[in-house]
Amino acid sequence: MDHTEVLALFDRQMRREAAPDGPGTRVERTASAVRQSGGDGWNGVLWSDLDEASADAGIAAQIAYFAGRPFEWKLYAHDTPYDLGERLASAGFRAEPPETLMAAPTAAVVERTARTRLPDGVRLEPVTDAAGVARMAAVHDEVFGPGSSSFREPLARQLAEEPDTLSAVLAVADGTPVCAARAEFPPGKEFASLWGGGTLPEWRGRGVYRAVVAQRARIAARRGYRFLQVDASEDSRPILERLGFAALTTTTPYLYDRDA
């Protein structure tokens with residue numbers, strides 16, 4: 001995998017040419033930015049084309065557009081200008097912990113995980129309705145802290161209205177969910193995106209996360225997606241590297257909620 005070429009493809013397909021990621025959302029393109037807004041889901045800036053002369057005005061334009069609504073500026077390490085993060089912070093944005101953008105050829109991940117087995121007593125259950133999403137949310141809140149499951153309402157709506165665009169799964173032990181994850185399948189793109197995978201502490205290091213990656217990789221392969229993409233935490237990055245994922249760059253969420 002040519003990392004430079006794959007990053008350029010990701011920037012084009014998943015950022016500059018991004019499609020709405022759920023019902024009721026819209027993607028708008030201006031001369032200097034691509035943003036998503038509307039619906040119950042994620043609101044924010046996906047891509048920007050700014051330089052030292054235009055950056056501050058470009059930031060102010062997005063703050064004015066969202067008009068007090070909380071939103072995120074998804075900043076990648078190779079975005080310009082070099083001090084865009086500092087400018088966002090000066091404008092009132094709050095930086096969250098950075099993540100690593102990782103990608104892998106889908107076929108390679110399927111091959112590497114072909115022998116993956118769940119621990120005894122654990123099974124995978126597909127999530128197909130709002131009740132299943134509620135169980136996913138409970139896992140996320142326990143793993144990542146209260147309020148981490150903001151996806152609950154938009155995900156339930158997406159499952160109901162656009163079920164072909166995602167696949168969600170729970171790993172369940174003795175009736176109790178111990179891991180929750182999903183894959184997004186944007187139409188017309190070559191990347192399937194893997195999200196979640198949070199695992200209860202007592203079940204870590206036993207192959208559960210690897211198993212949910214394997215399951216989603218197989219689905220992506222059947223649907224013809226060439227690459228898998230993950231915004232990886234420091235916990236998941238070493239596992240993903242062993243499964244064939246490579247780091248392309250880092251991404252930092254900058255949150256704006258000053259007037260919320």
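Helices and strands here are DSSP runs, H or I of at least four residues for helices and E of at least two for strands, numbered from the N terminus. With that convention, the place of Asp 174 is the loop between strand 8 (166-173) and strand 9 (176-184). Its phi is near 55°, a positive value in a residue other than glycine. Most residues other than glycine have a negative phi, and most peptide bonds are trans. Asp 174 is exposed, with a relative accessible area of 76%; exposed means over 50%, buried under 20%, and partly exposed in between, with a 1.4 Å probe and protein chains only.

Before I go on, the model is predicted: local features need pLDDT of at least 70, side-chain atom pairs count only at pLDDT 80 or more, and totals for chains, interfaces and linings use all residues. Residues are numbered from 1 along each chain as its sequence is written, and side-chain values use heavy atoms, with hydrogens and water left out.

Pro 81 sits in the loop between strand 4 (71-76) and helix 3 (84-90).

Now the whole chain. It has eight helices and 12 strands. Of its 260 residues, 51% count as buried. The radius of gyration, taken over C-alpha atoms, is 18 Å, which agrees with the value near 18 Å for a compact globule of 260 residues; the globule rule is 2.2 Å times the number of residues to the power 0.38.

The largest nonpolar core has 44 residues, and Met 136, Val 213, Leu 228, Leu 240 and Phe 245 touch the most other members. A nonpolar core is a set of buried Ala, Val, Leu, Ile, Met, Phe, Trp, Tyr and Cys residues joined through side-chain atoms within 4.5 Å. Leaving aside neighbours within four places in sequence, Val 213 is in contact (heavy atoms within 4.5 Å) with Val 109, Leu 194, Leu 240, Leu 243 and Phe 245. Apart from this core lies another, of 14 residues, including Leu 50 and Phe 66.

Which strand holds Thr 249? Thr 249 lies in strand 12 (residues 246-256). At 12% relative accessibility, this threonine counts as buried. Beyond four places in sequence, the contacts of Thr 249 include Leu 7, Tyr 76, His 78 and Glu 99.
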